[in-house]
Amino acid sequence: MTSEQSLPQSLIVTETDLERLRSVIDHQGGGRMAELAEMLDGELSRARVVASEAVPPDVVTMNSTVVFEDEQTGERRQVTLVYPRDARSDEGRISVLAPIGSALIGLSVGQSITWPLPGGRSKRLRIVEVPYQPEAAGHYHL
């Protein structure tokens, strides 16, 4: 299956990440954050859940560093996917509740996703590399 097909892609999420992310989603109030939490919830509902020890090393998990490419512009960016409380966009620490953060969770190297952005726009992102994944490094409790 290529990433160009319209079938849902295989997302992989660890049991620990799923549990923590459900808590983040449950604690969002109204407004923009609630809308973003719903988008994340939708992504998680279609993910395959695995034990932290069983997640492939090329999957974007929480606290992973990921290099992605904007397929429209060719621009590459490296970010670390974090929980909202740890987000510092100026340091490249992107919240999982940010539109780009929700798009990245659970994808593997080589996969692409078209993700809606504010104002009716969208971005097509492709995962290029996961230089650091906590589970692959044996850091199961980040």
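## Ground rules

Two strands count as paired here if DSSP finds at least two bridges between them. Helices (H or I, at least four residues) and strands (E, at least two) are DSSP runs, numbered from the N terminus. This is a predicted model, so to speak of local features requires pLDDT of at least 70, side-chain atom pairs count only at pLDDT 80 or more, and totals for chains, interfaces and linings use all residues. Residues are numbered from 1 along each chain as its sequence is written, and side-chain values use heavy atoms, with hydrogens and water left out.

## The chain as a whole

The protein chain has three helices and seven strands, and reading along the sequence gives β-α-α-β-β-β-β-α-β-β. A compact globule of 142 residues would have a radius of gyration near 14 Å, and the protein chain agrees, with 14 Å. That radius is taken over C-alpha atoms, and the globule rule is 2.2 Å times the number of residues to the power 0.38. Taken along the principal axes, the C-alpha atoms fill a box of roughly 35 × 35 × 30 Å.

Of the 142 residues, 46% are buried (buried means under 20% relative accessible area, exposed over 50%, partly exposed in between, with a 1.4 Å probe and protein chains only). The accessible surface comes to about 7,300 Å², and carbon and sulfur atoms hold 49% of it; the areas come from the Shrake-Rupley method with a 1.4 Å probe, and for residues only the protein chains shown count as cover. Contact means heavy atoms within 4.5 Å. Among contacts with a separation of 6 or more, 58% link residues 24 or more positions apart.

## The sheet

Five strands make an open sheet with mixed pairing, in the order β5-β4-β3-β7-β6. At the edges stand β5 (93–95) and β6 (112–116), each with a single partner strand, so one side of each has no neighbour in the sheet. Neighbouring strands are turned by 45° against each other on average, direction ignored. For that angle, axes are lines fitted to C-alpha atoms (for helices, over the stretch in contact), and angles run from 0 to 180 degrees between N-to-C directions.

Now for the individual pairings. β4 (residues 76–82) runs parallel to β5 over three bridges; Thr-80 is bridged to Arg-93 in β5, and Val-82 to Ser-95. With β3, β4 pairs in the antiparallel sense over five bridges. Here Glu-69 sits opposite Arg-76 and Val-67 opposite Gln-78. β3 and β4 form a hairpin with five residues between them, and Gly-74 in the turn has a positive phi of about 80°.

## Strand β3, covered on both faces

β3 (residues 65–70) is mostly covered, with six of its six residues buried. In a regular strand the side chains alternate between the two faces of the sheet. In β3 both faces are covered: Thr-65, Val-67 and Glu-69 are buried on one side, and Val-66, Phe-68 and Asp-70 on the other. β3 also pairs with β7 (residues 122–132), antiparallel over five bridges, and Thr-65 stands opposite Tyr-132 there.

## The nonpolar core

The largest nonpolar core has 31 residues, and those with the most contacts inside it are Leu-21, Leu-40, Leu-104 and Ile-127. Such a core is a set of buried Ala, Val, Leu, Ile, Met, Phe, Trp, Tyr and Cys residues joined through side-chain atoms within 4.5 Å. At least two residues each come from α1 (15–26), α2 (31–45), β3, β4, α3 (99–104), β6 and β7. α1 gives the most, with four residues.

What does Ile-127 touch, not counting residues up to four places away in sequence? The list includes Val-66, Val-67 and Phe-68, along with Leu-104 and Leu-107.

Pro-116 is found in β6. With a relative accessible area of 42%, Pro-116 is partly exposed. Leaving out residues up to four places away in sequence, Pro-116 touches Met-39, Pro-99, Arg-121 and Ser-122. The C-alpha atoms of Pro-116 and Glu-38 are separated by 13 Å, with the two residues 78 apart along the chain.
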